Structure formats: C-alpha cells, structure tokens
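Me: I am new to this structure and would like a close look at a single part of it. Please begin with one loop, and then proceed to whatever surrounds it.

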Amino acid sequence: MKGTPSLSLKAWSKIHPPLPRTPRESQQLLKALTSSFRRQLDREYPLSAPSDRDGSADRTPENPHSSVHATDRHLRAILDNPLFRVVPSKSAAARNGSGPSSRLQQRIAKEPMVVFDELVASGSVTLPTLRDCLSSQMLLASRHIGPGLLKAMKDARAGSKVVSWWFASDSATRQMLFKSRAATTTLIKFLVAEGRQGVVLDWLRMLARHDIGGRNGQLPEKIAQQVFGHLLVNLVNAEIQYGQGLSLAMQYYLQACKSHMFKENAALNPSWQPVFLPAGTHICESLVQSASVRPKELDGAMYNEYIEILSRLAPKSCLLATAPLYHPTQPDTKPFLDFVDTLPSGRVDSSIGLKRESFMRAGFDALRLLADQDKRRDVVYLARFLQQQLPEKADPENVSKSNHRLCTEREDLLTQLDLALA
C-alpha cells in the first residue's frame, strides 16, 4: 500500500531534524547538547573572575555558584533520588480507596522515612501518607530530650527528603503539600533542625509571585497569601523552638517583611497586612513568655525595625504597645500606659488583641519596670488596673498549679507595692 503524503518521512523531516545515523553524528549531537547545557548553567551561575592573589593565572578559583558546582549538585540530587536507589516494596505501593493499609500504617510508625522513600520510588506518595510519615518521624524524635531531640530530627533527614521529592515533582504534586497545614507545620520543624531555613524562604519568594513552579504552578493570590502567612508563622515558631531562638526568628521575619510587604515606594501594600500580622504577634507573645532571656540575644537596632514594622501593620494596637516593654536596651512603658488609658473600665477580655495571659504578663512586667524607675503615680494607676483584671478567688482544685502560683505571685506583688507606697 502506497503511503500518503501526510505520512511521508520526508515531510516530517522538515519539522524535526533527522536523528543521527552514524557514530560521528551521534558524537556531534552529544557535544552540542553538552555545550548548550553548560552555556545555560554559565548564564545562571557565572564563574568568578580570576584574582591577582590566586598566585597563578592558569588556575580558576573555586566558586560554589559556578556551573561546575551547579552541575555537581544537580547530578547528586538526581542520583540521591529514591527512584534511583530504592526498590519499592509491594506493601508501600499498595493503596486502597480509604487510605493507607493497616500494614503500611504499622511500617510508617516504625520506619516512616524508609516507607516515604519507597512511596517516592513507586510514585505512590499521597497527602495522608506524607502527613503520617512526617508526624511519625516527629514522634520518634520526641522520645529524646534536649540536644538529643535536635540530633534525632537532623539525623532523620525528613525535611531534606521531602524537599528533594517536592522540587522533583510536577505542579499538582507541589500544590498537594501546601494543602495540609499539619504536614507543612511538621516539615518546617525538620527543615529548621537541619539548618535548611533557606528552603522556606525560597517558598515564600515563590508564593509572593503566586507561582510555585512547574507548568501549572500559578496560584490564586488569596490562596498564595494564606499559605505564605502560614509558612511564615511556622518558620518563626520553629526557629524559636528548634533553631537559634528569638533573635534569628525576628531576623527572618524582618527579612520577609522588607522583601514582600512593601511596594517600591515603601508604602504598605494593604492586601499583605493580614499576612504578616500573625507572625509578628507570635514573636511578641514569645517575647513576653521568655522575657528573662531576651536581653542576651536581641539586637537593639533590629528590635527598632521590628517595632517600626508593627507600627505600620497595627497602629494603636496592644501589640505595638507591648513590644517596647521588651526592648533589649531601652524598655519603654509609656506606650503600654497610653494603651491602657484607651481601654474600657472593667475587664478587657475581648478588647486587647493579644492572648489574655500574654497581656497580663506584659502588664506586670510593665509594673515592675515602673517600680524600678520609681514612677509612683504610674505604679498606683497600673496596679489598680491590673487588680481589676485578676480573677476572683477560685477553688484551688479547679485551677492548675501553675496558674494558681502565678496568680498568687501577682497578688503578692500588688500587696508589696501597696505597702511600699503607703
């Protein structure tokens, strides 16, 4: 049967160049592809210019951002992928309509990241299995305490494994991770313990552009902002718990704010205000809870930047009034007193904008500062206000020991001040 013109190989050759037919042509094609790949890497990761201090013009200095290093990292990431080094078991790949099988769940409880590698190799990762693997690995690590906990989290490499899988996935799979707050919350804890906060900052940059990569990585702006805010809170919280503490958490927060919150004219972008406020509030509440260690680790200039951000995000708020109390070098009680002046008489449970317990702690910290500064009139004013906020005498059996002790300490402080001012 004679072929039609539409199926003619000659016609197709006009669209696609013919494949190499000889070893020489194959070698030429390979060299062309290699050169093209290296030129592209050179554009993205240019080599450092030779320096006179190198001692030899023939030797190019090492540059971690060069195409050589980029190629090496790329190939190592490929070879480390479970697709190349893990043989998936039938139990890992087995799934049913209701979720992981009981046998798979048992394995996840005992060796979660081994199962995760097998699921990646078999292309069987689902949101429930991902969430279960991360939570089980955190549970296993939590059997340790102190430095042992951080070592167990780091040695598990749960964060790095999930990140490698994420960057190698398509857009739909990438979006899947961000659909579970439980999964991302646990994942960021592992990433911080492993020192990979940069991955979270990369995600924030992607979300600020509403694009998480891939062919269909575009996200609606509202969803991108919701995920952005959630990840930022997670990063701040994880850095305080499993990283370098409040100082670095505040540094990451300020970096995110300055990079994504303002337009080119430095005016506040209104649509971003609710995105940054939760993380800023979390930092302030952490400052209140850990006031005893605050002066040792916070920088005064950086703290001023933090207060400036709060003044743009939440002017005339309890948050902005409380933060100056915990300035590492210049604690200021005036904003807190001014804020108390604006509050209605009686109890203020629903009108302060902070957790009630954090507000009360801040109030008594302000009271101590005023007493140290011998500002008697302000001490009397704030003491009377805080006295109104204390709970009525409660049955000790119905309150926790810690809350009962805290209330007793506050009442003792007020009594001491009354005696001193009498």
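Reply: **A loop and its surroundings**

Asp-374 is found in the loop between α21 and α22; helices (H or I, at least four residues) and strands (E, at least two) are DSSP runs, numbered from the N terminus. The model is a predicted one, in which local features need pLDDT of at least 70, side-chain atom pairs count only at pLDDT 80 or more, and totals for chains, interfaces and linings use all residues. Residues are numbered from 1 along each chain as its sequence is written, and side-chain values use heavy atoms, with hydrogens and water left out.

Asp-374 is not a glycine, yet its phi is positive, at about 60 degrees. Most residues other than glycine have a negative phi. Asp-374 is also exposed, with 55% relative accessibility; here buried means under 20% relative accessible area, exposed over 50%, and partly exposed in between (1.4 Å probe, protein chains only).

Lys-316, in the loop between α18 (300–313) and α19, has a phi near 60 degrees, which is a positive value in a residue other than glycine. Lys-316 is exposed, with a relative accessible area of 81%.

Helix α20 brings several of these elements together. The buried residues of α20 pack against α19 (318–322), α21 (356–372) and α22 (376–389); contact means heavy atoms within 4.5 Å. In α20, which covers residues 334–342, the buried residues are Phe-336, Leu-337, Phe-339 and Val-340. Seen down the helix axis, these buried residues fall within an arc of 160 degrees, so they line one face of α20; the arc is that of the directions from the helix axis to the C-beta atoms. An α-helix has 3.6 residues a turn, so residues three or four places apart point the same way. Lys-334 and Thr-342, on the other side of α20, are exposed.

Cysteines come next. Cys-318 is buried, at 2% relative accessibility. The closest cysteine sulfur to that of Cys-318 belongs to Cys-284 and is 7.5 Å away, too far for a bond. Cys-133 is buried too, with a relative accessible area of 1%. The whole structure was searched and zero disulfides were found, a disulfide being a pair of cysteine sulfur atoms within 2.5 Å.

Ser-286 lies in helix α16 (residues 273–289) and is buried, at 14% relative accessibility. Ser-286 and Ser-358 are 72 residues apart along the chain, while their C-alpha atoms are separated by 8.9 Å. Neighbours within four places in sequence aside, Ser-286 is in contact with Ile-240 and Leu-246. A polar atom of the Ser-286 side chain also lies 2.9 Å from the backbone oxygen of His-282.

Ser-160 belongs to helix α10 (residues 158–167) and, at 7% relative accessibility, is likewise buried. The side chains of Ser-160 and Glu-194 are joined by a polar contact of 2.5 Å. Such a contact is a pair of N or O atoms within 3.5 Å; within protein, one must be able to donate a hydrogen and the other to accept it, and residues adjacent in sequence count only if both atoms are side-chain atoms. With neighbours within four places in sequence left aside, Ser-160 is in contact with Leu-191, Glu-194 and Arg-196.

These details belong to a protein with 23 helices and zero strands. Of its 422 residues, 42% count as buried. Among contacts with a separation of 6 or more, 67% are between residues 24 or more positions apart. The protein exposes about 24800 Å², of which carbon and sulfur atoms supply 53%; accessible areas come from the Shrake-Rupley method with a 1.4 Å probe, and for residues only the protein chains shown count as cover.

Finally, confidence should be considered. The protein averages a pLDDT of 79, and 68% of the residues score at least 70; pLDDT is the predictor's confidence in each residue, from 0 to 100. Confidence is highest in helix α12 (residues 181–193), at a mean of 97, and lowest in helix α5 (residues 90–93), at 48. Over residues 393–402 pLDDT stays under 50, and the model has four contacts beyond four places in sequence for them. Where pLDDT is low, the predicted coordinates should not be read in detail.
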